[in-house]
Amino acid sequence: MSDDSPVVWSLRFQGAESRIWFGHFLGMPAVRKERFVKTYRNHVLDERLTKERIRAEVRALVKIKTKCNLLGPLLPTILFVGERDVVIKDLMPVKPLHDYLDSLDANENKMWLLKLIGVVIGKIHDCGVIHGDITTSNLLVDENRNVIPIDFGLSSFSTKSEDRAVDLYVFERSLQTTTVLDSNAFSEILNHYSREMQRQGAEVLKKLEQVRLRGRKRDMVG
């Protein structure tokens, strides 16, 4: 979508990889995710990576929306796909998981949230999708207490236990940055993930132990 588009966009956030714009598209409240040019990167490489990440995001969203009746309707609806941007229908009021956790009372029961997180990640994996970057920023919580995964730019398709375990490990490391949850929180998430994945869950958790061991060795070596 070119900058001279008649649609008026308001910049809300800029990260290392993209800009997030709010506006209206086709008469609907919309969010535009623009992957801007990286001037420090080789031009050809930058274009290739941008196209790959946009393609990955669209393919993952479409696959989950068509295969998962429970999670699919919660995911953003794609309105437009360009060379460097994707426009989606705006979601109802949401908060990133890290902000939502910070807004909760320290003594508030969070078991429902841990269960939902485990179930949602399980449903993503059960669709044959590896998110690639599950963090407390890429899981949203809406006003109806739904957990919504976003930002599938690093996603891929796989049913390998190793790939699923790495996905979980990335999220585990992300959770370690929050002080709101206790040390048992991730174990509770894994319990519900394993139940959602049924027979495949046990194999993924075994692989997760191996991934953790490799991670600890890397940390020791530095």
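**Entry 1: the sheet**

I count two strands as paired if DSSP finds at least two bridges between them. With that in hand I opened the model, which is a predicted one. I looked up the sheet and found an open one of 5 strands, in the order 1-2-3-5-4, with antiparallel pairing. Strand 1 and strand 4 (78–81) are at the edges with a single partner strand each, so one side of each has no neighbour in the sheet. From one strand to the next, the twist averages 25°.

I then went to the pairing of strand 4 with strand 5 (residues 85–89), which is antiparallel and runs over 3 bridges. Which residue of strand 5 is the bridge partner of Ile78? I found Ile88 there. Helix 1 packs on this sheet and touches strand 3, strand 4 and strand 5. The direction of helix 1 makes about 155° with that of strand 4.

**Entry 2: salt bridges**

Next I turned to charged pairs. How many salt bridges are there? My count came to 16.

I started with Arg53 and Glu17, whose side chains meet in a salt bridge at 3.0 Å, N to O. Arg53 sits in helix 1 (residues 43–67) and Glu17 in the loop between strand 1 (9–14) and strand 2 (19–25), so this pair ties together parts that lie 36 residues apart in sequence. Glu17 is partly exposed, at 30% relative accessibility.

Then I checked Lys33 with Asp151, a salt bridge in which the closest N and O atoms are 2.5 Å apart. This one links distant parts of the chain, 118 residues apart: Lys33 belongs to strand 3 (residues 28–34), while Asp151 is in the loop between strand 9 (147–149) and strand 10 (156–157). Are the two partners buried or partly exposed? Lys33 has a relative accessible area of 13%, and because the cut-off for buried is under 20%, Lys33 counts as buried. Asp151, with 24%, is partly exposed.

**Entry 3: two single residues**

I picked His125, which has its place in helix 3. His125 is buried, with a relative accessible area of 0%. What does His125 touch, leaving out residues up to four places away in sequence? I listed Ile130, Arg164, Asp167, Leu168, Tyr193 and Met197.

My other pick was Glu52, found in helix 1. Glu52 is partly exposed at 34% relative accessibility. I also took a distance from Glu52 to Gln200, which are 148 residues apart along the chain. Their C-alpha atoms are separated by 29 Å.

Technical notes
Residues are numbered from 1 along each chain as its sequence is written. This is a predicted model: local features need pLDDT of at least 70, side-chain atom pairs count only at pLDDT 80 or more; totals for chains, interfaces and linings use all residues. Side-chain values use heavy atoms; hydrogens and water are left out. A salt bridge is a side-chain nitrogen of Lys or Arg within 4 Å of a carboxyl oxygen of Asp or Glu. Helices (H or I, at least four residues) and strands (E, at least two) are DSSP runs, numbered from the N terminus. Buried means under 20% relative accessible area, exposed over 50%, partly exposed in between (1.4 Å probe, protein chains only). Contact means heavy atoms within 4.5 Å. Axes are lines fitted to C-alpha atoms, for helices over the stretch in contact, and angles run from 0 to 180 degrees between N-to-C directions.
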